[in-house]
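Hi everyone, thanks for making time this morning.

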Amino acid sequence: MEIPLVRDVLKESNARAEENRSEFKEHRVFVVNVMSSPGSGKTEILKRTISDLRKQNIRCAVIEGDITSTLDSERLTPLGIPVVQANTEPFGGDCHIGSHLVQGALKHLDLDSLDVLFIENVGNLVCPAEFDLGEDKKVVVLSLPEGSDKPLKYPLMFRECHACLANKTDLAPYLDVNLAEVGVNVNRINENIVFIPLSAKTGDGFDAWIEWILYGIRTKETM
Ligand SMILES: Nc1nc2c(ncn2[C@@H]2O[C@H](COP(=O)(O)OP(=O)(O)OP(=O)(O)O)[C@@H](O)[C@H]2O)c(=O)[nH]1
Ligand SMILES: [Mg+2]
């Protein structure tokens, strides 16, 4: 009796993801799902990324996923962009955003006025990787203090993602973590993933990351 129920839930989730994907395609919005453990720097990276993109007249919005609170949204709204909070607590406190929550958030956004939509997922290095939201690209943030072994211990996330941002490189002098070893381990799990070391604090490495996003936007516009 249980197996059909599980299948139905996933079927439902995937159906919502396909609807989201169609909507993103129709409005030519490039959608990036940003995932990581709690505290790796997703919000801090988004702050600097959006500020950089806005200088190039790129129109951005964020769906901010968390179990509870509007704390991250409050850090992003001063940037003057649309931010929609999607909390999972009223729906059982899931450790990831579901495609139905993204669909609900889309009702509050004018997709025609956007070039790129970021979805900050709930801080968790496992569960969010399992769910399709209809996004174009999945990105994992791995901060240096977490250690170079994480791709090997939590492989699904790195297998699923198109890019890996190795954040907090400014802390490298204070850590026994070898950045090159982080890159090697990420590529052992996924040889096609784009590996970008950066620091949301100093802005180091952001040129490559911004270029990756601009390429995604250009590609989406011509689809
Ligand atoms: N030194 C340094 N600190 C950083 C950097 N990026 C983020 N931080 C700090 O790391 C802490 C966590 O950053 P957040 O952006 O809140 O991390 P998050 O991944 O959004 O966290 P959750 O949303 O709770 O999962 C904050 O104190 C940031 O200021 C960085 O590049 N260097
Ligand atoms: Mg955050």
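This is a predicted model: local features need pLDDT of at least 70, side-chain atom pairs count only at pLDDT 80 or more; totals for chains, interfaces and linings use all residues.

Let's start with strand 1, residues 30-36. How many of its 7 residues are buried? The count is 7 of the 7, so strand 1 is largely enclosed by the rest of the structure. As a reminder, in a regular strand the side chains alternate between the two faces of the sheet. Here Phe30, Val32, Val34 and Ser36 point one way, while Val31, Asn33 and Met35 point the other way, and all are buried.

Now for the partners of strand 1. Strand 4, residues 116-120, runs parallel to strand 1 and is joined to it by 5 bridges. If you want a place to look, find Phe30, which stands opposite Val116 in strand 4. Strand 5 also runs parallel to strand 1, again with 5 bridges. There, Ser36 stands opposite Val141.

Val140 has Cys164 of strand 6 as its bridge partner.

Strand 6 itself, residues 163-167, has 5 of its 5 residues buried, so strand 6 is largely enclosed by the rest of the structure. Ala163, Leu165 and Asn167 point one way, and Cys164 and Ala166 point the other way.

In soluble globular proteins, nonpolar side chains tend to be buried together. Which residues touch the most other members of the largest nonpolar core, which has 54 residues? They are Val116, Leu117, Phe118, Ile119, Val140, Cys164 and Leu165. Strand 1 gives the most to this core, with 5 residues. For a closer look at one member, take Leu117: beyond its neighbours within four places in sequence, Leu117 is in contact with Val29, Val31, Ala61 and Ile63.

Next, a quick look at helix 4, residues 99-106. Its buried residues are Ser99, Leu101, Val102, Ala105 and Leu106. They cover an arc of only 160° around the axis, and therefore lie on the same side of helix 4.

Asn57, in the loop between helix 2 and strand 2, has a positive phi of about 60° although it is not a glycine. Lys168, in the loop between strand 6 and helix 7, also has a positive phi, near 70°. Are these residues buried or exposed? Asn57 has 7 C-beta neighbours inside 10 Å, so Asn57 counts as exposed. Lys168 has 25 C-beta neighbours inside 10 Å, so Lys168 counts as buried.

Last stop, ligand 1. There are 17 residues around it, and Gly41, Thr43, Glu44, Gly123 and Lys201 come nearest. By class, the shell has 3 nonpolar, 8 polar and 6 charged residues. Helix 2, residues 42-55, provides the largest share of the shell, with 3 residues.

That's my tour, and I'm happy to take questions.

Methods. Residues are numbered from 1 along each chain as its sequence is written. Chains are lettered from A and ligands numbered from 1 in the order in which they are written. A residue is near a molecule or strand if its C-beta atom, placed from the backbone, lies within 6 Å of it. Helices (H or I, at least four residues) and strands (E, at least two) are DSSP runs, numbered from the N terminus. Ala, Val, Leu, Ile, Met, Phe, Trp, Tyr, Cys and Pro count as nonpolar, Asp, Glu, Lys and Arg as charged, and the others, Gly among them, as polar. A residue is buried if 20 or more other C-beta atoms lie within 10 Å of its own, exposed if 12 or fewer, and partly exposed in between; C-beta atoms are placed from the backbone. The arc is that of the directions from the helix axis to the C-beta atoms. A nonpolar core is a set of buried Ala, Val, Leu, Ile, Met, Phe, Trp, Tyr and Cys residues joined through C-beta atoms within 7 Å. Two residues are in contact if their C-beta atoms, placed from the backbone, lie within 7 Å. Two strands pair if DSSP finds at least two bridges between them.
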